[in-house]
Amino acid sequence: MEPIPQGGAWALFLVAMALASASYRYVETPFRKHGNDKAKLNGRQHLFATSTAVMGLLGGAAVAVTQNQGWEDRFAPDVLAYDSARYPHIPFKDDCDGRWPDSRNPDCVIGDRDSEHLAILWGDSYALAWAPGLDAMLKAQGLRGILAVNSACPPLLGIHNPSDPGCHDDNNATHDWLAANKPDLIIMAAAWPAYSGPEGRYSIFDSEGRRGNVATFAPAFKRTSIVTGSLGKSVIIIGPTPGAPADIPFKLAVAKTPPDGIRKDDFQRMAQPFWTAAQYVEAFDNIVVIDTMSWFCDSRVCRYLDEQGELLYRDGGHLSVLGADFVVARLLSRLDTGSFYQPDFPSDLE
């Protein structure tokens, strides 16, 4: 179910060489050196007939295995569910990931498709993971949501990500859309620690010559907040989500006991650079930053399963469809408290 580790690959290589040597020594060599021509012919005929029969048996077995989906009933239902979760269908990915926002493209619209009131979901693949849950939320609020999602591209103006050369131009296109449409609601979501921390997965730089996440992220966040705060009536910035152990569907499928979740202290440390930069939005009355930590974490560890034991993530970081519903339900509860326009910073932020 998982890639063969490097040591295992070398072991299999040695086994293959040993089998090839044995085949040459005990099968091919005696066959080639047989002294009797008639015996050679009979041996060849016997060999080809046997090989044909074996190939037919293997082909029939392969067809049977394929038709029966690998005889899935060998495994418990929860193991099959976790195995399927490794390669889920990701809504909107094929049609919308990496495309510029377009109100006329029905494939990349969520929420109330007939509404004249506009919203936009702007972010990377983490925003794409939120989209199924936000679809229901925007329908309930009577907003037509436009997707502006691009994997590995944070919703930050003026930045470049070497892993996605088109990121800068894509964000400029989103800025132009915001300026032209001035939506009722802007929602921003991303794998923020991947761009904000010194150990983030990506190393961004900006058009003003700053390089590296530490030097680049905070100015870019400030610059983007100024633009979104002026062009959107309301802005929701969804803070970091804790994530889960890497390859969590596989680990749950093969583990006797579920692995521990991400430690809360580790998550706080990872998210700290984002929250330090996000304090700038206190200057805006129409921007709220949502801290998701309390939705997932107790005093020690952050969960990746809901109360029924269903996976909230499809991998180590992206929410599953069920996870998107889980967080949006809590987002709605947060916004219904009447403090929509108050930034929601962690209480222990230094």
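**Close-up views of a predicted model**

**View 1. Arginine charges over phenylalanine rings.** The charged end of R211 lies over the F205 ring, 4.5 Å from its centre. A charge sits over a ring if NZ of Lys or CZ of Arg is within 6 Å of the ring centre and within 35 degrees of the ring normal. R330 places its charged end over the ring of F326, 3.6 Å from the centre. This is a predicted model: local features need pLDDT of at least 70, side-chain atom pairs count only at pLDDT 80 or more, and totals for chains, interfaces and linings use all residues. Residues are numbered from 1 along each chain as its sequence is written, and side-chain values use heavy atoms, with hydrogens and water left out.

**View 2. Helix α8, residues 213-231.** The helix (a DSSP run of H or I, at least four residues, numbered from the N terminus) has 19 residues. From first C-alpha to last, α8 reaches 26 Å, close to the 27 Å expected at 1.5 Å a residue. The expected span is 1.5 Å times one less than the number of residues. Buried residues of α8 include N213, A220, V227 and L231; buried means under 20% relative accessible area with a 1.4 Å probe, protein chains only.

**View 3. The F217 and F221 pair.** These two rings form a tilted aromatic pair, 5.8 Å centre to centre, with 35 degrees between the planes. Rings of Phe, Tyr and Trp (its six-membered ring) pair if their centres lie within 6.5 Å; planes under 30 degrees apart are stacked, over 60 edge-to-face, the rest tilted. Because F217 and F221 are four residues apart in α8, about one helical turn separates them. Both are buried. W192, F217, F221, F274 and W275 form one aromatic cluster.

Methods. Helices (H or I, at least four residues) and strands (E, at least two) are DSSP runs, numbered from the N terminus. Buried means under 20% relative accessible area, exposed over 50%, partly exposed in between (1.4 Å probe, protein chains only).
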